[in-house]
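This report examines a single protein chain at the level of residues, rings, strands and helices. Please consult the sequence and the structure below while reading.

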Amino acid sequence: MLKLEPVALTDVGRKRSNNQDHLGDLIFRSGRPYGPEKLAERGWLFAVADGMGGYAGGEVASELAITTLFREYYESPSSGDIATDLTKAVQKANFNVRGESATSGRNQMGTTLTLVLITGNRAIFGNVGDSRTYLIRQGIPERVTHDHSLVQDQIDAGVLTPEQAERSSIRNFITRAIGHKDEVDSDLFERELIPGDVLLLCSDGLHGLVKEIEMGTVVATSPSLKEAAQALVDLANERGGPDNISVMLIRVEELGDILQPILNEREARYDTIFNQVTGTIPAMKPPPPPPASITQQTTTRNAAPVGLDTQTTRPMQAPNLDKPKPGGSGLIIGLIILALVIAAIVIGVVLLGGSNGTSNSTA
């Protein structure tokens with residue numbers, strides 16, 4: 001029987017006057033109406049939204065997105081396919097936020113969204129924007145979701161390293177959001193779980209200030225998940241707390257039914273130059289060695305924008321292992337030619353010596 005321990009915590013931070021984050025975790029706000037029977041049927045859904053759009057606008061967008069997501073997923077008839085149902089729920093959240101934005105006159109109102117649905121021994125992750133979900137196994141964090149942001153696009157293209165991206169002036173610009181367009185593309189990822197795994201959902205108020213390895217360490221060393229969540233929020237506040245900070249932790253105590261893969265070929269795939277943890281890397285598998293055609297970053301700090309010919313990257317070409325190696329027939333032919341040349345020289349010397357001897361005897 002599936003058994004989870006969830007903890008949710010959100011904080012306004014040190015610089016904001018209101019909290020535009022909103023949480024849905026079945027024990028906090030939006031998830032409360034759904035009981036054991038519904039959870040057994042549809043799985044456990046958790047989500048974090050980070051609103052935007054000025055005072056009040058962000059609050060409305062994030063709460064509306066979470067409320068719609070839960071209501072649409074749990075109360076609409078199931079199609080029998082989790083991926084389809086989650087995608088429809090996200091689309092409905094986008095539709096409602098978009099509509100509220102138009103009727104209220106808040107044209108820039110929107111929100112990020114990250115979610116995880118746990119069923120049996122599997123977790124389905126989804127996101128729009130730059131709020132994230134991690135899988136922490138034995139203290140080692142894996143970022144499962146992939147940011148929809150300008151700096152992540154530059155990391156993927158090899159224009160910025162992850163370290164440079166942390167200092168980038170455009171790190172807060174996102175490329176997808178709930179409510180900004182009539183349609184929104186959401187990513188889905190899947191992982192198989194084991195007992196002891198901890199799932200961490202958070203807004204950028206946390207991951208923008210606390211490094212991933214620190215998240216793993218705090219979760220692994222804290223006496224409880226509640227204390228871990230508080231420690232992570234405190235750490236972000238100690239480093240300035242410029243934004244709202246939200247963190248949700250879910251520990252897998254016991255697994256449910258053993259299920260076959262759910263997404264199959266529908267999982268989002270990203271190939272990144274610097275091997276950031278993405279949906280293409282299996283859970284908790286160490287990052288692979290750099291590929292042969294990896295792009296080497298120059299020391300220039302101001303990398304050129306993506307798409308320009310003045311990119312500060314230069315590919316390193318690996319040797320072509322399919323080409324024939326030196327040696328073999330080429331070496332044999334070379335030796336034969338060398339032997340013929342030597343033989344010709346020797347014959348010439350002998351003939352020259354004989355010619356000189358004949359001349360002397362005649363005289």
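## The loop between S7 and S8

Gly139 has a relative accessible area of 17% and is therefore buried, where buried denotes under 20% relative accessible area, exposed over 50% and partly exposed the range in between, with a 1.4 Å probe and protein chains only. This glycine is placed in the loop between S7 and S8. Helices (H or I, at least four residues) and strands (E, at least two) are DSSP runs, numbered from the N terminus. Leaving aside neighbours within four places in sequence, Gly139 is in contact with Gly216, Thr217 and Ala220, a contact being heavy atoms within 4.5 Å. Gly139 and Thr221 are 82 residues apart in sequence, yet their C-alpha atoms are 8.2 Å apart in space.

Gln138 also lies in the loop between S7 and S8. Its relative accessibility is 75%, so Gln138 counts as exposed. Although Gln138 is not a glycine, its phi is positive, at about 55°.

## Basis of the model and overall content

The model is predicted, so local features require pLDDT of at least 70 and side-chain atom pairs count only at pLDDT 80 or more, while totals for chains, interfaces and linings use all residues. Residues are numbered from 1 along each chain as its sequence is written, and side-chain values use heavy atoms, with hydrogens and water left out.

The secondary structure of the chain comprises nine helices and 13 strands. Of its 363 residues, 46% count as buried. Among contacts in the chain with a separation of 6 or more, 73% are accounted for by residues 24 or more positions apart.

## The five-stranded sheet

Five strands form an open sheet in the order S1-S11-S10-S7-S8, with antiparallel pairing; two strands pair if DSSP finds at least two bridges between them. Strand S1 (3-11) and strand S8 (140-143) are the edge strands, each pairing on one side only. From one strand to the next, the twist averages 20°. S1 pairs with strand S11 (residues 245-254) in the antiparallel sense over nine bridges. Met248 in S11 is the bridge partner of Ala8.

Which strands does helix H7 (residues 212-221) touch as it packs on the sheet? Helix H7 touches strand S7 (132-137), S8, strand S10 (198-202) and S11, and its direction makes about 50° with that of S7. Axes are lines fitted to C-alpha atoms, for helices over the stretch in contact, and angles run from 0 to 180 degrees between N-to-C directions. Helix H8 (residues 225-238) also packs on the sheet, where it touches S1, S10 and S11; the direction of H8 makes about 155° with that of S11.

## Packing of H2 and H3

Two packed helices are described by the angle between their axes and the distance between the axes. The axes of H2 and H3 cross at roughly 145° and come within 8 Å. Residues making the contact include Leu64, Thr68 and Tyr73 of H2 and Asp85, Ala89 and Asn96 of H3.

Asp85 is located in helix H3 (residues 82-104) and, at 8% relative accessibility, counts as buried. Not counting residues up to four places away in sequence, Asp85 touches Arg42, Tyr73, Ser78, Ser79 and Gly80. Arg42 in turn lies over the face of Tyr73, at 4.3 Å from the ring centre; the criterion is NZ of Lys or CZ of Arg within 6 Å of the ring centre and within 35 degrees of the ring normal.

## Aromatic pairs

Rings of Phe, Tyr and Trp (its six-membered ring) pair if their centres lie within 6.5 Å, with planes under 30 degrees apart counted as stacked, over 60 as edge-to-face and the rest as tilted. By this rule there are three aromatic pairs. The rings of Trp44 and Phe46 are stacked because their centres are 6.4 Å apart and their planes at 15°. Phe46 has 0% relative accessibility and so counts as buried.

Phe70 and Tyr74 form a tilted pair, 6.1 Å centre to centre with 35° between the planes. Both residues lie in helix H2 (residues 57-75), four residues apart, about one turn of the helix. Phe70 and Tyr74 are both buried. Ring pairs link Phe70, Tyr73 and Tyr74 into a cluster.
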